[in-house]
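Hi,

Here's the structure I said I'd send over. Have a look at it first, and then read on for what turned up when I went through it.

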Amino acid sequence: MPVNAEAEPGEEVRNEADPDAAGLPVNELFYSLQGEGTLAGVPSVFVRTSGCNLRCWFCDSYHTSWEPTHAWMGIEAIVDEVTSYDRADHVVITGGEPLIHEAVVTLVDALGNEGYHVTVETNGTIHRDAAIDLASISPKLASSTPTPERDPKGDGEWRERHEARRIDLDALARLVEDYPTQLKFVVTDPSDLDEINDLVDRIREETSARIPDRDVLLMPEGRTEAEIAANRGVVADLAMEHGYRYTPRLHVNLWNDEAGR
Ligand SMILES: C[S@@+](CC[C@H](N)C(=O)[O-])C[C@H]1O[C@@H](n2cnc3c(N)ncnc32)[C@H](O)[C@@H]1O
Ligand SMILES: Nc1nc2[nH]cc(C(=O)O)c2c(=O)[nH]1
Ligand code: SF4
Ligand SMILES: [Mg+2]
C-alpha cells in the first residue's frame, strides 16, 4: 500500500487508502533476542517501522532508510501480532526512525496497557510523549555521514541533510529527562571517542537527569560477523579506557546478517 516513507521529522505518515486510520508502515515484525544494550539476551518482539530522517552510510536496515519498503498495518493488527508470540513480555520498536511517526505513540501506549516492557530504538533527533520504558538512543556521530566515498546508493546526496539533522541537543535532553535511557554509540574508529565524550558532556549540562557512565554504551560497527570480529577488540579496549559499557551485537554473533533476527 503506498505510504510516504520519506517523511520529514514530525510529519505523519498516512495510509492513503484510509487517511483516518491509525497505523504504521511496518518493514518487519519478528521474535528474537534483544541483541544490543543493557537488555541484551532478553526474548523480545521487534516491530520495525519504515522511513528515516537520516541516512547513515552503515545502516544495517537499508530497506527502512535508503530504499524503504513496508506494509501498512493498523495499530490493533500490530498489537495482535505481537501478542501472538506468547513467551515474550518485552517489545522493541525500531526502524528506520520510529519517532518520525506520530502513531508510534499510540502503539507504545497500547503495548504498555497490555503489560509489555517497551524499548524504543531511536537516533535521538525527535522527542515524543509516550509510555516508553527504555529510550535506547543511538546519536549519530560525524563518522556516520554518507560522504560520496561512503554512500551506499548515490554520490553523497544525503550528506548535508544527514549532517544538519543528526544531533538535536534539545530532543536528546528531553528524551533523557523523560525516560530511562541508554546512550548507545556506534564506534567505527577510535577517533569517535572525542565526539562521544563531548556530546555526553553537553547532554549532561543540558539536563538535570543523571547519566552514569554505565548507561553510555560503545557498540562496534558491523553488519556481519566478520566485520564485528574485526572491530570489537578495539571498541572493548576503548570502553575500558573511558569507563563506558561495551555492548555486543549478539544477534550478529548468533545469526550473522540473516533477515528477521
Ligand atoms: C537500524 S537502527 C534503527 C533505530 C534508529 N534509527 C537508530 O539509528 O537508533 C537500530 C540500531 O542499529 C544500529 N546500527 C545500524 N547500523 C549499524 C552498523 N552497521 N553497525 C552497528 N550498529 C548499527 C543503530 O545505531 C541503532 O542503534
Ligand atoms: N536481535 C536484534 N536485536 C536488536 N536490537 C536492536 C535492533 C535494531 O535493529 O534496532 C535489533 C535487531 O535488529 N535485532
Ligand atoms: S538513523 Fe538508524 S535507521 Fe536511520 S539510517 Fe541511521 S542507523 Fe539506519
Ligand atoms: Mg538491527
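Ligand 1 has 22 residues around it, and the ones that come nearest are Phe58, Gly96, Ser138, Lys140 and Gly222. Keep in mind that this is a predicted model.

As for polar contacts, the ligand has a few you can look up in the viewer. One of its nitrogen atoms is 3.1 Å from a polar backbone atom of aspartate 60. On the oxygen side, there is an oxygen atom of ligand 1 at 3.2 Å from a polar backbone atom of threonine 122. With lysine 184 the side chain is involved: an N or O atom there is 3.3 Å from an oxygen atom of ligand 1. On its own, ligand 1 has 540 Å² of accessible area, and the protein covers 95% of that.

The space that ligand 1 takes up is the largest pocket. Strand S5 (117–122), S7 and strand S8 (216–220) are the elements that give two or more residues to the shell around ligand 1.

I also went through one residue of S7, threonine 181. The strand runs over residues 181–187, and threonine 181 is part of it. Is threonine 181 buried or exposed? Its relative accessibility is 16%, and because buried means under 20%, threonine 181 counts as buried. A polar atom of its side chain lies 2.7 Å from the backbone oxygen of tyrosine 179. If you leave aside the neighbours within four places in sequence, threonine 181 is in contact with Leu134, Ala135, Ile137, Leu175, Val176 and Asp215.

Cheers

Technical notes: Residues numbered from 1 in each chain as written. Chains lettered and ligands numbered in written order. Predicted model: local features only at pLDDT ≥ 70, side-chain atom pairs only at ≥ 80, totals over all residues. Heavy atoms only, no water. Helix = DSSP H or I, 4+ residues; strand = E, 2+ residues; numbered from the N terminus. Buried < 20%, exposed > 50% of the residue type's maximum accessible area, 1.4 Å probe, protein only. Polar contact = N/O pair within 3.5 Å; in protein donor to acceptor, adjacent residues only side chain to side chain. Contact = heavy atoms within 4.5 Å. Near = heavy atom within 4 Å. Areas by Shrake-Rupley, 256 points an atom, 1.4 Å probe, with all protein chains shown as cover. 1 Å grid on protein atoms, 1.4 Å probe; cavity = no way out; pocket = protein on both sides within 12 Å on 5 of 7 lines; lining within 4 Å. Sits in = over half its atoms within 2 Å of the grid points.
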